[in-house]
Amino acid sequence: MSASPDFRERSRTVWDVMAPGWEAGRHDLWEASHAVSEWLVEGVAPRPGQTILDVAAGLGETGLLAARHVGETGRILITDFAPGMVAAARRRAAELGITNVEFRELDAERMLLETGRFDAVVCRWGYMLMMDPGTALAETYRVMRPGGRLAFSVFGAPERNPWASLVGRILVAEQHMPPPAPAAPGIFGLSDPKRLHGLVVEAGFVAPEVQDVPFTWSFPSVDRYWWMLLEMAGAISPILRGLRSEAQAKVRSQLEEMARPFAAGEGYAFPALCLNVATRKPA
Ligand SMILES: C[S@@+](CC[C@H](N)C(=O)[O-])C[C@H]1O[C@@H](n2cnc3c(N)ncnc32)[C@H](O)[C@@H]1O
């Protein structure tokens with residue numbers, strides 16, 4: 001399957017619009033999910049002097065974490081196809097005073113990067129969103145040196161991620177969107193471990209380790225959860241934003257009803273589950 005330019009362009013625009021939300025929500029998201037990135041960085045075991053690529057990096061949190069391990073002689077390349085995300089990642093690195101990083105706008109499905117350049121690649125919550133994750137994984141393989149390590153994360157099954165699946169169910173039931181095909185790009189696009197395993201091996205990597213990594217995504221208020229869906233949830237936000245105000249209010253009230261089991265204080269504490277994958281390119 002070749003990536004549709006229309007899909008790619010629409011997705012890039014949506015994620016660019018989401019960039020300010022990701023920057024504003026960065027602290028809370030990191031508090032909730034840093035264990036996912038720590039697993040990924042441990043998975044590639046970065047060493048001083050190495051060159052590491054962060055794919056679909058958003059604000060570059062995972063790459064910036066890896067930057068601490070490669071030292072002054074190492075390099076991290078933080079990439080994303082949305083210019084707003086790359087600009088926000090630059091600001092974050094400057095804020096942290098991290099200097100061994102470079103930044104580039106880059107589409108993961110056609111990386112304009114040299115073959116064999118990277119010792120390791122990390123990607124948190126990126127491949128599942130792509131039209132053709134197999135091509136992105138093959139591109140990842142190409143730019144890695146033999147023996148290089150890859151660690152990436154995708155979201156697990158919808159029922160283990162109610163923070164995203166509840167609103168999706170409501171939007172489908174209200175016919176605001178069609179039911180997503182199981183392998184369609186989106187938050188749950190790679191939630192089937194068998195497909196995930198198959199894609200990794202087809203791209204040439206060794207049989208991967210796939211591990212469940214749970215976390216709790218807490219919101220101090222109902223408003224804050226709704227804000228996240230509108231400002232950060234790339235797959236959901238355009239649909240919610242496109243609804244007339246009465247339809248939006250109806251979705252919100254149904255969501256509040258369905259999210260009751262996860263109520264905590266004035267807001268929510270939702271379980272979330274990632275599938276973290278570690279593999280390597282054969283030497
Ligand atoms: C869910 S966010 C994750 C951001 C970051 N990796 C993190 O974990 O915080 C997904 C990111 O993937 C990027 N993305 C989606 N498709 C992409 C593609 N084909 N090439 C490069 N980046 C892509 C989006 O721009 C967005 O920044």
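A nitrogen atom of the ligand sits 3.5 Å from a polar backbone atom of alanine 57, a polar contact in the sense of a pair of N or O atoms within 3.5 Å. This is a predicted model, where local features need pLDDT of at least 70 and side-chain atom pairs count only at pLDDT 80 or more, while totals for chains, interfaces and linings use all residues. Residues are numbered from 1 along each chain as its sequence is written, and side-chain values use heavy atoms, without hydrogens and water.

- Aspartate 80 has an N or O atom in its side chain 2.6 Å from an oxygen atom of the ligand.
- Alanine 108 brings a backbone N or O atom to 2.9 Å from a nitrogen atom of the ligand.
- On its own the ligand has 600 Å² of accessible area, and the protein covers 97% of that (Shrake-Rupley method, 1.4 Å probe).
- The ligand is surrounded by 17 residues, the closest being Ala56, Asp80, Asp107, Ala108 and Arg124 (a heavy atom within 4 Å).
- This shell splits into twelve nonpolar, one polar and four charged residues (nonpolar: Ala, Val, Leu, Ile, Met, Phe, Trp, Tyr, Cys and Pro; charged: Asp, Glu, Lys and Arg; polar: the others, Gly among them).

**Helix packing**
- Helices α1 (residues 5-44) and α3 (residues 83-96) pack at about 25 degrees, with axes 7 Å apart (helices are DSSP runs of H or I, at least four residues, numbered from the N terminus; axes are lines fitted to C-alpha atoms over the stretch in contact, and angles run from 0 to 180 degrees between N-to-C directions).
- That angle makes α1 roughly parallel to α3 (under 35 degrees).
- Contact residues include Trp15 and Trp22 of α1, and Met85 and Arg91 of α3 (heavy atoms within 4.5 Å).
- Seven nonpolar, one polar and six charged residues make up the contact of α1 with α3.

Key:
Polar contact = N/O pair within 3.5 Å; in protein donor to acceptor, adjacent residues only side chain to side chain. Helix = DSSP H or I, 4+ residues; strand = E, 2+ residues; numbered from the N terminus. Parallel < 35°, antiparallel > 145°, perpendicular 65-115°, else oblique.
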